[in-house]
Amino acid sequence: MKFTDGYWRKRDGLTVVHPAHFQDSSPGPDSLTVWAATKRIQDRGDTLDAPLITVTLSAPMDDVIRVTIEHFQGTAPKGPDFSINSGSAEVTVTDATLTSGALTASVRTGDNWGLDFLAGGKRITGSGWKGMGVVSSPDGAYVHEQLDLGVGEVVYGLGERFGPLIKNGQSIDIWNEDGGTSSEQSYKNVPFYLTNAGYGVLVDNPGKVSFEVASEMVTRTQFSVAGQSLSYLIIHGPTPADVIRKYTALTGRPALPPAWSFGLWLTTSFTTSYDEETVNKFVDGMADRDLPLSVFHFDTFWMREFNWCDFEWDTRIFPDPAGMLKRLAGKGLKVCLWINPYIAQRSPLFAEGKANGYLVRTVGGDVWQWDRWQAGMGLVDFTNPDAREWYASKLRALVDMGVDAFKSDFGERIPVDGIVWHDGSDPERMHNYYTQIYNQVVFDVLRESKGEGEAVLFARSATVGGQQFPVHWGGDNTGTFESMAESLRGGLSLMSSGFGFWSHDIGGFEGLPDPAVFKRWVAFGLLSSHSRLHGSKSYRVPWNFDEESVDVLRSFTHLKYRLMPYLFGAAREAHLTGVPVMRPMVVGFPSDPAVAYLDRQYLLGGDLLVAPVFSAAGEVSYYVPAGRWTHYLTGEVVTGPGWVHETHDFFSAPLLVRPGAVIPVGARQDRPDYDYRDGVTLRLFEPADGRTAVVVPGPSGADTVFTVLRDGDEIRVGRSGEALPWRVQVGARVIELSADQDSCALTPEQSR
């Protein structure tokens with residue numbers, strides 16, 4: 001929301017006051033409260049007829065400082081609230097400063113009000129002249145804050161956004177909407193951003209937060225909320241990866257998805273016609289063509305039309321669902337079902353939910369309803385514990401039948417006007433937050449039924465904390481290269497917002513993609529953390545495009561499964577630290593100014609660079625940071641820093657290995673879930689002097705640790721873990737090692 005008319009004036013009808021004079025403060029053992037007058041105080045008369053703004057500083061953990069700005073403090077608290085973790089913080093407080101770890105907030109005293117944030121004695125940002133503001137308008141009260149942006153400072157994050165990766169110059173409202181991937185709307189809005197200047201900002205408000213990023217005030221990021229108070233947290237890095245680690249420590253780290261979920265998912269698509277015969281034709285067709293599937297997903301019409309969601313199979317089409325699930329499991333497949341939180345009026349569950357108060361009601365006591373999506377649908381009130389258990393019981397019955405995962409669709413179309421929540425939550429604050437309760441209910445059912453490490457969703461909507469319930473996919477895109485690129489931008493933006501795992505509809509959801517688009521998207525999809533073939537009105541089995549599509553899909557599926565020791569290690573890192581599997585380049589190379597604006601390439605884990613090809617002819621340009629990088633598929637070396645222009649056929653894409661990396665490669669390509677240690681090959685790329693350790697995940701935490709030590713031309717590789725056969729590869733040279741060999745030494749000739 002913009003409050004100014006140019007640099008000097010406020011918009012007509014608005015009254016805005018700003019802190020101007022440090023009045024006094026009250027330091028405590030772990031907090032600092034400051035009172036700021038909104039005009040210069042020269043005598044006692046100046047204390048009359050003017051607001052006094054209260055600014056409170058505190059620290060939930062080291063390197064994090066919370067700032068709370070308040071005008072009137074008599075407002076009743078409103079829920080819901082984000083769940084913000086707190087840990088031990090080393091806090092030092094004076095009359096005008098609060099220090100948490102390496103981060104200090106310093107309030108300027110006297111009549112030159114300002115709030116500066118310093119790390120290591122250096123100012124990283126701050127709120128200066130007219131930065132904080134209390135607004136009165138015909139529409140109500142607002143509070144805003146403006147934090148300075150330095151020269152060359154750029155902003156990332158704010159959830160899944162399909163426009164430019166860099167948010168500078170954009171006006172963004174944090175408000176979940178079902179708007180597709182080609183609009184400024186977003187399914188996953190997160191009021192958190194990070195910059196390349198060493199810090200991140202979380203606005204602690206689940207409702208509508210408006211951001212003006214170098215737009216209204218081009219040298220500042222402004223954020224504002226309705227009401228009488230605003231609370232935000234400054235998170236010091238100093239690197240983007242450090243900011244993400246600390247942000248996810250505050251808001252929750254992602255669960256570790258099961259290894260099978262990293263395999264290839266195939267769906268029925270949305271409005272296509274299908275029954276068990278169709279499903280078997282697809283499943284068997286994939287198997288016959290050596291296209292190893294991990295998951296088969298049934299989209300909406302596994303239930304009867306007009307009955308979504310009643311969680312009952314349409315027995316006209318699927319007369320023996322339990323038997324069908326058992327037969328699919330016998331083929332080695334996991335099964336996922338589509339669900340949403342909306343209950344159609346014709347569903348028997350509508351009357352049940354209405355009678356028991358499980359559906360959201362209007363202020364007049366009626367069930368809130370509309371005809372969008374499903375005729376006369378109501379909305380499950382997840383603020384009611386009994387409604388949560390009711391919904392969960394329906395899911396448990398499906399899990400007991402043999403279902404392994406749920407696609408928790410929707411959760412964005414949440415009404416605000418004229419409704420009442422069971423727990424009294426504020427409708428405006430609940431609009432974005434609803435998805436958090438919804439996805440947690442679904443995820444908890446799977447975690448309780450399947451066990452820790454076996455639960456996985458395919459979720460569309462999210463807010464702060466949603467990263468705890470993976471996986472999230474990018475919503476309704478279209479079958480074009482342009483939509484493929486916008487999907488990647490949305491994913492990179494989401495990864496910048498603390499989400500560790502992400503997917504997208506290979507080939508695009510809407511429309512029938514050209515075979516070239518499909519084949520290029522296959523490479524991108526299989527080089528993502530999770531990979532799903534899904535469409536709207538057309539199937540996504542590769543032979544529907546051309547025979548080459550079958551071969552391309554096979555090639556990249558086999559590649560991903562061989563890379564699973566590396567990918568699952570990156571997944572573990574995301575689970576333990578919050579640093580995502582797919583990363584914007586700035587996360588891996590924060591000191592390289594050339595990577596700041598790159599939005600057509602990414603890091604897959606810490607050591608692989610991926611640049612999807614967005615053209616039928618295979619032409620692609622991408623940037624390579626400093627060093628000798630190796631094409632994983634060909635062994636060719638590219639030396640950076642600099643731009644590379646290449647042409648790739650459909651069986652190739654830029655997949656480069658960071659110099660000095662050790663990539664563990666698995667022995668199997670028929671499935672993603674196997675003992676990665678058994679027969680693993682350690683591929684050494686441009687090994688550097690010093691020691692490199694690589695952990696290859698094993699079942700039940702029985703990991704194997706390999707160490708690579710280079711001293712000049714000599715390389716020694718050691719193993720610590722269970723005795724299993726393994727190999728070492730440098731270039732084209734491969735050394736076979738038996739299970740009882742714990743180490744090997746490479747000669748100077750072998751190490752070249």
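## Before you start

The model is predicted, so local features need pLDDT of at least 70 and side-chain atom pairs count only at pLDDT 80 or more, while totals for chains, interfaces and linings use all residues. Residues are numbered from 1 along each chain as its sequence is written, and side-chain values use heavy atoms, with hydrogens and water left out.

Helices (H or I, at least four residues) and strands (E, at least two) are DSSP runs, numbered from the N terminus.

## Salt bridges

Let's begin with charged side chains. A salt bridge is a side-chain nitrogen of Lys or Arg within 4 Å of a carboxyl oxygen of Asp or Glu. Searching the whole structure turns up 43 salt bridges.

One of them joins Arg316 and Asp314, with N and O 2.8 Å apart. To describe where such partners sit, we use relative accessible area: buried means under 20%, exposed over 50%, and partly exposed in between (1.4 Å probe, protein chains only). Arg316 is partly exposed at 47%, whereas Asp314 is buried at 3%.

## Pairs across the sequence

Which residue forms a salt bridge with Arg460? The partner is Asp476, and the closest N and O atoms are 3.6 Å apart. Arg460 lies in the loop between α6 (427-450) and β30 (472-473), and Asp476 in the loop between β30 and α7 (481-495), so the pair ties together parts that are 16 residues apart in sequence. Arg460 is buried, with a relative accessible area of 2%, and Asp476 is partly exposed, with 24%.

Another salt bridge brings together the side chains of Arg532 and Asp505 (2.6 Å, N to O). This pair links distant parts of the chain, 27 residues apart: Arg532 belongs to strand β33 (residues 531-533) and Asp505 to strand β32 (residues 505-506). Both Arg532 and Asp505 are buried. Salt bridges can also share partners, and in this way Asp178, Asp409, Glu412, Arg413, Arg460 and Asp476 are joined into one network.

## A look at helix α6

Helix α6 has 24 residues and reaches 34 Å from its first C-alpha to its last. That is close to the expected 34 Å, where the expected span is 1.5 Å times one less than the number of residues. The helix has a kink of about 50 degrees, centred on Tyr433; the bend at a residue is the angle between axes fitted to the seven residues ending there and the seven starting there.

Of the 24 residues of α6, 17 are buried, so the helix is largely enclosed by the rest of the structure. Gly451 follows α6 and has a positive phi, near 105 degrees.

## The largest pocket

On a 1 Å grid over the protein atoms alone, a cavity is a set of points where a 1.4 Å probe fits but cannot get out, and a pocket is an open set with protein on both sides within 12 Å along at least five of seven lines; lining residues have an atom within 4 Å of a point. Grid points are joined across faces, edges and corners, and a volume is the space filled by probe spheres set on the points.

The largest pocket has a volume of about 740 Å³. Its lining has 30 residues, and the closest to its centre are Lys78, Asn205, Ala226, Ser229 and Arg429. Elements giving two or more residues to this lining are β7 (64-70), β14, β20, β21 (229-236) and α6. By class, the lining of the largest pocket has ten nonpolar, ten polar and ten charged residues. Here Ala, Val, Leu, Ile, Met, Phe, Trp, Tyr, Cys and Pro count as nonpolar, Asp, Glu, Lys and Arg as charged, and the others, Gly among them, as polar.

## The closed cavities

How many cavities of 30 Å³ or more does the whole structure have? The search finds three. The largest cavity holds about 120 Å³ of space, and Thr4, Tyr7, Lys10, Lys130 and Met217 are the closest to its centre among the 14 residues that line it. At least two lining residues each come from β2 (9-10), β14 (140-148) and β20 (220-226).

The second largest cavity has a volume of about 50 Å³. Its lining includes Gly660, Pro687 and Arg710, and β43 (704-711) is one of the elements that give two or more residues to it.
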